[in-house]
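Please look over the sequence and the structure below before reading on.

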Amino acid sequence: MKKTVALHTLGCKLNFSETSAIGRLLENDGFEKRNFDEVADVYVINTCSVTENADKECKMLVRRIQRKAPEAMVVITGCYAQLKPEEIAAIPGVDLVLGAAEKFNIASHLKEITKGDSAKICSCDIEDVNEFTASYSINDRTRIFLKVQDGCDYNCSFCTIPMARGKSRSDSVDHVLANVESLATQGAKEIVLTGINLGDFSPPTPQRGDLEQQSNKENFFSLIKELEKITGIERYRISSIEPNLLSNEIIEFVSNSKRFMPHFHIPLQSGSDKILGLMRRRYKKALYAERVGLIKTMMPHACIGVDVIVGFPGETEADFKETFDFLHQLNISYLHVFTYSERTNTLAADMKPVVPVHVRQERNKILRNLSYQKMQYFTNEHIGQTRSVLFETKNKNGMMDGFTDNYIKITVPFNEAWENKIIAWKI
Ligand code: SF4
């Protein structure tokens with residue numbers, strides 16, 4: 001009988017694509033996949049360090065596994081596993097903890113452990129993590145998340161990601177193109193390019209080191225120009241890109257592209273230059289406004305999502321109001337609002353004065369309200385227009401969702417014939 005494995009992702013799209021890749025590796029090693037709520041021989045939890053309460057969530061999932069399948073092997077990997085391996089190994093029921101460099105060697109590590117032994121930690125210093133491992137999700141969702149870049153060389157003062165994922169490194173353009181071509185033959189319609197700092201995509205230069213090679217150094221712009229030429233994929237999205245890396249040429253390219261969707265997700269984090277400085281972000285609010293202005297001039301229908309953090313140390317009422325006013329007048333479509341929380345070993349964790357937690361929560365609520373209004377406004381602007389919608393699969397309520405090119409969600413009764421199809425739809 002084949003051994004079975006069930007996998008679960010905490011966190012972002014990048015983690016999701018990696019979980020998918022780990023699942024495929026184990027399938028190639030003879031495992032059969034199960035849903036996470038079913039009984040399996042091995043459970044893998046791919047954790048996140050950004051999610052608040054990652055430790056609690058992880059413990060809760062392990063407890064659930066123990067009740068359901070006390071004999072099963074429990075493997076924890078991902079950012080949290082890299083940052084706090086001992087803490088995770090101490091959770092009763094955990095058998096194996098895999099750090100950033102080891103998660104794709106899971107199959108061989110599994111062969112070396114026995115249930116009942118104390119948890120084994122396979123992890124190295126994050127400085128030693130240099131390799132890039134491509135991953136993508138398929139058969140899990142209609143949209144495919146393709147990882148083309150990993151790690152980050154920025155040092156935002158609140159962020160643990162560079163410590164959890166290491167230096168910025170990227171796939172080669174040729175390898176990304178080969179993956180995309182293969183995905184096209186498997187029926188993929190939409191690919192979401194993902195990375196930790198995607199705009200920093202910078203493939204390894206060949207060893208030759210001659211001048212011509214260096215002057216031809218590839219970057220994110222060269223990647224998207226090449227992807228546009230692949231005829232088998234109808235849609236690409238750029239998952240998220242730092243404002244200082246979103247160049248005029250990228251915006252102009254997307255505005256003329258047949259395949260790159262008019263949808264941008266651009267982290268802002270704060271609308272106060274003072275707070276942006278404390279956060280060690282690499283731009284000021286004026287640059288952000290300029291980027292949004294250019295996008296909307298070239299693509300008035302473009303959807304723009306914004307990440308913002310509230311309650312960063314030193315954020316006064318006036319600073320928060322500045323952020324609110326900035327976002328209020330900005331022509332954006334929705335916000336992802338994060339409440340600041342202290343992370344061990346970050347610069348911000350020692351910054352003073354801290355904002356009381358209840359104030360952080362109030363500010364979060366205010367911006368979530370603003371996000372709702374922005375989304376309503378953006379959607380209403382498109383009522384009556386016909387836009388292309390890629391329909392996904394049946395959802396839990398027996399309905400199906402789809403997204404327009406500019407990321408408006410459409411929900412209709414399930415129709416099998418529309419699954420993974422792009423349809424012109426009057427909103
Ligand atoms: S750009 Fe800043 S927030 Fe984003 S991953 Fe890098 S350090 Fe973290």
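The notes that follow are grouped by topic.

This is a predicted model, in which local features need pLDDT of at least 70 and side-chain atom pairs count only at pLDDT 80 or more, while totals for chains, interfaces and linings use all residues. Residues are numbered from 1 along each chain as its sequence is written, and side-chain values use heavy atoms, with hydrogens and water left out. Strands of a sheet pair through backbone hydrogen bonds, either parallel or antiparallel.

**The parallel sheet and its helices**

- Three strands, in the order β13-β14-β15, make up an open sheet with parallel pairing, where strands (E, at least two residues) and helices (H or I, at least four) are DSSP runs numbered from the N terminus, and two strands pair if DSSP finds at least two bridges between them.
- Its edge strands, each pairing on one side only, are β13 (263–269) and β15 (334–339), and from one strand to the next the twist averages 20°.
- Six bridges connect β13 with β14 (residues 303–310), and Pro 267 has Asp 307 in β14 as its bridge partner.
- Helix α13 (residues 317–329) lies across β13, β14 and β15 and runs at about 175° to β14; contact means heavy atoms within 4.5 Å, and angles run from 0 to 180 degrees between N-to-C directions of axes, which are lines fitted to C-alpha atoms, for helices over the stretch in contact.
- Helix α14 (residues 357–381) lies across β14 and β15, running at about 170° to β15.

**The antiparallel sheet**

- Four strands in the order β18-β17-β16-β19 form an open sheet with antiparallel pairing.
- Here β18 (409–413) and β19 (422–426) are the edge strands, each pairing on one side only, and the twist averages 40° from one strand to the next.
- Strand β16 (residues 386–394) is joined to β19 by five bridges, with Thr 386 partnered by Lys 426 and Arg 387 by Trp 425.
- On β17 (residues 399–404), which pairs with β16 over four bridges, Gly 402 is the bridge partner of Phe 391.
- The hairpin of β16 and β17 has four residues between the strands, and in this hairpin Gly 398 takes a positive phi near 75°.

**The ligand site**

- The residues around the ligand (a heavy atom within 4 Å) are Cys 152, Tyr 154, Cys 156, Phe 158, Cys 159, Ile 161, Pro 162, Ile 196, Glu 242 and Arg 281.
- This shell divides into eight nonpolar, no polar and two charged residues, where Ala, Val, Leu, Ile, Met, Phe, Trp, Tyr, Cys and Pro count as nonpolar, Asp, Glu, Lys and Arg as charged, and the others, Gly among them, as polar.
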